[in-house]
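These are my notebook entries on a single model. I set out the looked-up items by topic.

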Amino acid sequence: ASFGAAIYGTLDKEKLITNYIFRDKNDVVGMKIGATTRLQSNGISISFAPHATLFKQPFTFNKENYISLDRELNIRGNIEMLDTITYSGMNLYATSDTLNKRDISLELFNIDLQTATKMLPYAPNMSGIINADMHYREDAPGTIISSDIRSDSLTYEGTLIGNETLEFSYFPKNSNEHHAYLTLLHNNTDIAKLEGIYNSDS
């Protein structure tokens with residue numbers, strides 16, 4: 001398998017404009033995305049061109065999309081990416097404030113795994129529909145992380161595996177105690193559960 005990738009860009013004193021293009025072994029455009037990076041007084045900000053191709057599917061970004069990172073590593077963002085034909089895409093929302101509180105949410109919906117793996121060189125033949133919700137929150141009490149990742153009708157090299165779900169959560173119980181939970185489900189039935197408690201004083 002062979003492929004081609006290229007990055008084109010222009011730079012001036014205010015911004016860097018880049019365009020990334022990926023072509024598969026048949027010279028078909030599998031990915032094409034443009035971005036504008038601006039240097040701000042306290043960090044950088046990136047926005048994406050309104051139209052893009054990802055995994056050979058056409059996507060549209062929201063008009064006022066952006067993601068920024070400042071010197072204190074605070075992330076802010078509002079990105080909505082949608083394919084109106086298959087209703088698949090991604091949403092990313094991030095907020096931060098001067099008290100170093102961070103709240104980041106990422107949603108993936110109706111992602112066709114077969115389309116993605118067919119485009120990637122040397123990737124195994126897989127199929128299924130991916131949906132995922134991930135949330136990260138950091139404030140005075142501590143850090144909270146949760147995720148729910150589901151693959152419907154997952155197959156690997158032509159073999160049906162089934163509907164697979166991974167659920168994970170992490171949160172502080174108090175100032176010293178931290179809890180983590182992991183659940184695996186196969187065809188909506190629990191097949192594994194892991195629970196852990198960590199005490200920072202021990």
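**Aromatic pairs and surroundings**

I looked up phenylalanine 171 and found it partly exposed, with a relative accessible area of 27%; buried means under 20%, exposed over 50% and partly exposed in between (1.4 Å probe, protein chains only). Tyrosine 181 is also partly exposed, at 28%.

I note that this is a predicted model, in which local features need pLDDT of at least 70 and side-chain atom pairs count only at pLDDT 80 or more, while totals for chains, interfaces and linings use all residues. Residues are numbered from 1 along each chain as its sequence is written, and side-chain values use heavy atoms, with hydrogens and water left out.

Phenylalanine 3 and phenylalanine 22 are stacked, at 5.3 Å centre to centre and 25° between the planes. Phenylalanine 3 is partly exposed at 47%, whereas phenylalanine 22 is buried at 6%. Phenylalanine 171 and tyrosine 181 form another stacked pair, with 5.9 Å between centres and 15° between planes.

I then turned to contacts (heavy atoms within 4.5 Å). Leucine 54 touches Gly30, Met31, Phe59 and Met81, residues up to four places away in sequence not being counted.

Conventions:
Phe/Tyr/Trp six-rings, centres within 6.5 Å; stacked < 30°, edge-to-face > 60°.
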